[in-house]
Amino acid sequence: MTQVPVVREPGATHAVVIGASMAGMLAARVLAGHVDRVTVIERDRLPEGAEQRKGVPQGRQIHVLLARGSAVLDRLFPGFSRDLVAAGAVPFRLPGDALILSKAGWVDRRTPGWTMTSASRPLIEETLRRRLLQLPGIAVLDGSEVTELRASDDGRAVRGVSVRRADGGDDSRSIDADLVVDASGRGSRTPHWLADLGYPEPERTQVDSHIAYATRLYRIPDGFAADWRAAMLMPRPPGNPRTGDLMPIEGGRWIVTLMGAARQHPPTDEAGFTAFMRELSDPIIADTVAHAEPVSDIRGHRGTANRLAHYERMPRWPERLVVLGDAVCAFNPVYGQGMTTAAIAAETLDDCLWAQRRRRPAGDLEGMARRFQRLLARRNRDAWMLSTGEDLRYPTTTGTTAGRILRAQHRYFDRVERAAVTDPAVTEVYARVFGMLERPTALFRPRIVAAAIRAGRAPTRPAAPTVGVPAPRTSTEQQQEVRT
Ligand SMILES: Cc1cc2nc3c(=O)[nH]c(=O)nc-3n(C[C@H](O)[C@H](O)[C@H](O)COP(=O)(O)OP(=O)(O)OC[C@H]3O[C@@H](n4cnc5c(N)ncnc54)[C@H](O)[C@@H]3O)c2cc1C
């Protein structure tokens with residue numbers, strides 16, 4: 001990707017975004033509606049196509065774009081899902097087209113649920129980047145690293161950033177901005193940069209289920225036929241902390257990701273990966289890929305703890321600085337919430353900037369940044385409670401422990417899962433909550449509570465609904481079958 005020069009006309013308003021990943025690009029899209037120019041500064045050299053890059057090491061792992069995230073992306077970039085499909089992404093319905101094995105059994109597939117547009121993380125990012133760069137007023141400065149925040153003389157407001165070439169060049173320079181957005185991910189330096197400006201350290205919470213990932217890509221065999229498109233085998237905590245997902249992505253491939261919590265990590269060697277896959281709660285994924293050609297190495301990923309920086313609680317907060325995405329709140333990714341939460345954060349920024357325009361004269365951002373961090377903290381709360389709450393089913397999870405209320409909630413959610421195995425109306429709500437289309441409180445509606453009470457007494461369905469699903473076959477096997 002070529003660097004776009006930063007041009008700043010006198011009097012024009014300018015925002016700087018640190019990080020050109022999901023949160024940064026979505027924030028830039030929103031900012032384009034409020035300032036004259038947006039400069040996105042990215043440490044990596046951005047690729048022209050859908051390629052992995054160093055700054056997003058998680059990009060090799062499965063990336064589920066939940067229904068809510070998809071809806072926000074389509075609103076911010078009309079036709080985004082269509083673009084993604086045109087680039088090769090595979091749409092399918094959840095749970096309609098997916099085999100989902102929960103603790104209680106196979107989730108009822110009679111309800112179609114929502115459409116997932118399944119693609120690799122690099123393709124999602126590249127499609128978004130292409131759309132962003134079509135907007136007027138957006139400049140991307142890649143291969144450049146932000147090294148500090150620059151503040152006004154009295155230290156009350158952030159006024160820009162210092163930037164140097166990421167390849168180590170000695171060319172530090174400053175870029176002025178009316179608003180700085182930190183979207184630099186889990187490794188965000190904002191706590192240190194704030195300390196340099198005399199601000200206190202934010203309180204931080206970390207809840208870690210010690211989960212690790214391993215992923216491999218396979219070519220989907222010619223002639224593969226089944227009445228499902230994806231398989232998701234959920235863990236059964238605390239005894240079996242292993243999860244496995246198989247999903248179709250662009251290029252006629254399956255992405256197979258194995259996840260192990262409670263330090264039961266999936267190996268990244270061939271034999272270990274295969275053995276782990278066999279030890280999932282059902283052999284469907286192992287049996288399916290047994291006939292498929294692997295087309296990648298096995299790549300592992302660690303560093304998946306839920307991490308929350310409580311910027312909303314800071315006694316002092318500088319004007320004109322906002323922090324969003326994983327830089328504020330990063331989740332155990334197994335629940336697929338990260339990109340959707342980044343999208344919600346961009347919407348939140350938009351809401352705050354519009355509210356500010358109604359409240360104050362043009363260009364006056366007094367109090368906006370602080371209001372944003374508080375509102376974002378409220379909007380992140382459900383996802384945080386869900387992610388950490390589920391992680392606390394493992395006694396080995398560190399950071400905090402499950403109290404009486406959470407344990408009662410676990411028991412209730414178990415009953416809802418049982419109901420979702422047999423009752424399509426419950427499955428629908430369960431799928432919508434999982435897709436973040438509804439708040440978890442939807443699971444406490446009278447209809448769901450009644451179903452959960454009934455399901456609590458019913459035996460769970462035996463885990464064998466794969467019956468009738470044709471076994472995957474290679475084209476050679478199919479030809480042999482035709483000949484005999
Ligand atoms: C293993 C794994 C699997 C995941 N699976 C899912 C999933 O299924 N669904 C989902 O929604 N989410 C998933 N996520 C989460 C998702 O990847 C993130 O939530 C999402 O990318 C949003 O992150 P971000 O944009 O805030 O930060 P990141 O994606 O981490 O990007 C930060 C960017 O900032 C740049 N940067 C950092 N420091 C600087 C600097 N000083 N100057 C300039 N640039 C800088 C980096 O190079 C990078 O481009 C997963 C995460 C992991 C770890």
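Reader: How do the residues of the shell around the ligand divide into nonpolar, polar and charged?

Author: In this predicted model, the shell holds 12 nonpolar, 15 polar and six charged residues.

Reader: Which of the 33 residues around the ligand come nearest?

Author: Ser21, Glu42, Val64, Arg121 and Met339 do.

Reader: What about the backbone atoms of Arg43 and Met339?

Author: A polar backbone atom of Arg43 is 3.1 Å from a nitrogen atom of the ligand. For Met339, a polar backbone atom is 2.7 Å from a ligand oxygen.

Reader: How much of the ligand does the protein bury?

Author: The ligand taken alone exposes 1,000 Å², and the protein buries 96% of that.

Reader: Which elements each supply at least two residues of the shell around the ligand?

Author: They are α1 (22–31), β8 (144–151) and α8 (338–359).

Reader: Why is α1 called largely enclosed by the rest of the structure?

Author: Because nine of its 10 residues are buried. The buried residues of α1 are Met22, Ala23, Gly24, Met25, Leu26, Ala27, Ala28, Val30 and Leu31. Each of them has a relative accessible area under 20%.

Reader: How do you know that the peptide bond between Leu94 and Pro95 is cis?

Author: Omega is about 10° for the bond that joins Leu94 and Pro95, and that bond is cis. Pro95 is found in strand β3 (residues 90–95).

Reader: Where does Pro238 lie, and what is omega for the bond from Pro237 to Pro238?

Author: Omega is near 0° for that bond, which is cis as well. Pro238 lies in the loop between β14 (230–233) and β15 (242–249). Most peptide bonds are trans.

Reader: What is phi of Arg263, and is the residue buried or exposed?

Author: Phi of Arg263 is near 65°, a positive value in a residue other than glycine. Most residues other than glycine have a negative phi. Arg263 sits in the loop between β16 (253–260) and α6 (270–278). Its relative accessible area is 54%, and exposed means over 50%, so Arg263 is exposed.

Reader: Why is Arg320 called buried?

Author: Arg320 has 13% relative accessibility, and the limit for buried is under 20%, so the residue counts as buried. Arg320 also has a positive phi, near 70°. Its place is the loop between β19 (306–309) and β20 (321–323).

Reader: How many disulfides are there?

Author: The count comes to zero. Cys329 is in no disulfide; the nearest cysteine sulfur, that of Cys352, is 16 Å away.

Reader: Why is the sulfur of Cys352 too far for a bond?

Author: Because the closest cysteine sulfur, in Cys329, is 16 Å from that of Cys352, whereas a disulfide needs the two sulfur atoms within 2.5 Å. Cys329 is buried at 2% relative accessibility, and Cys352 is buried at 7%.

Reader: How many aromatic pairs are there, and what makes the pair of Phe224 and Trp228 edge-to-face?

Author: There are seven aromatic pairs. For Phe224 and Trp228, the rings are 5.8 Å centre to centre, with 70° between the planes. Centres within 6.5 Å make a pair and planes over 60 degrees apart make it edge-to-face, so both conditions hold. At 19% relative accessibility Phe224 counts as buried, and Trp228 is buried at 3%.

Reader: Why is the pair of Phe224 and Trp254 said to tie together parts of the sequence?

Author: This pair is edge-to-face too, at 4.9 Å centre to centre and 90° between the planes. Phe224 lies in the loop between β13 (212–219) and β14, and Trp254 in strand β16, so the pair ties together parts that are 30 residues apart in sequence. Trp254 is buried, as is Phe224.

Reader: Which residues form one aromatic cluster?

Author: Phe224, Trp228 and Trp254 do.

Technical notes:
Residues are numbered from 1 along each chain as its sequence is written. This is a predicted model: local features need pLDDT of at least 70, side-chain atom pairs count only at pLDDT 80 or more; totals for chains, interfaces and linings use all residues. Side-chain values use heavy atoms; hydrogens and water are left out. A residue is near a molecule or strand if one of its heavy atoms lies within 4 Å of it. A polar contact is a pair of N or O atoms within 3.5 Å; within protein, one must be able to donate a hydrogen and the other to accept it, and residues adjacent in sequence count only if both atoms are side-chain atoms. Accessible areas come from the Shrake-Rupley method with a 1.4 Å probe; for residues, only the protein chains shown count as cover. Helices (H or I, at least four residues) and strands (E, at least two) are DSSP runs, numbered from the N terminus. Ala, Val, Leu, Ile, Met, Phe, Trp, Tyr, Cys and Pro count as nonpolar, Asp, Glu, Lys and Arg as charged, and the others, Gly among them, as polar. Buried means under 20% relative accessible area, exposed over 50%, partly exposed in between (1.4 Å probe, protein chains only). Rings of Phe, Tyr and Trp (its six-membered ring) pair if their centres lie within 6.5 Å; planes under 30 degrees apart count as stacked, over 60 as edge-to-face and the rest as tilted.
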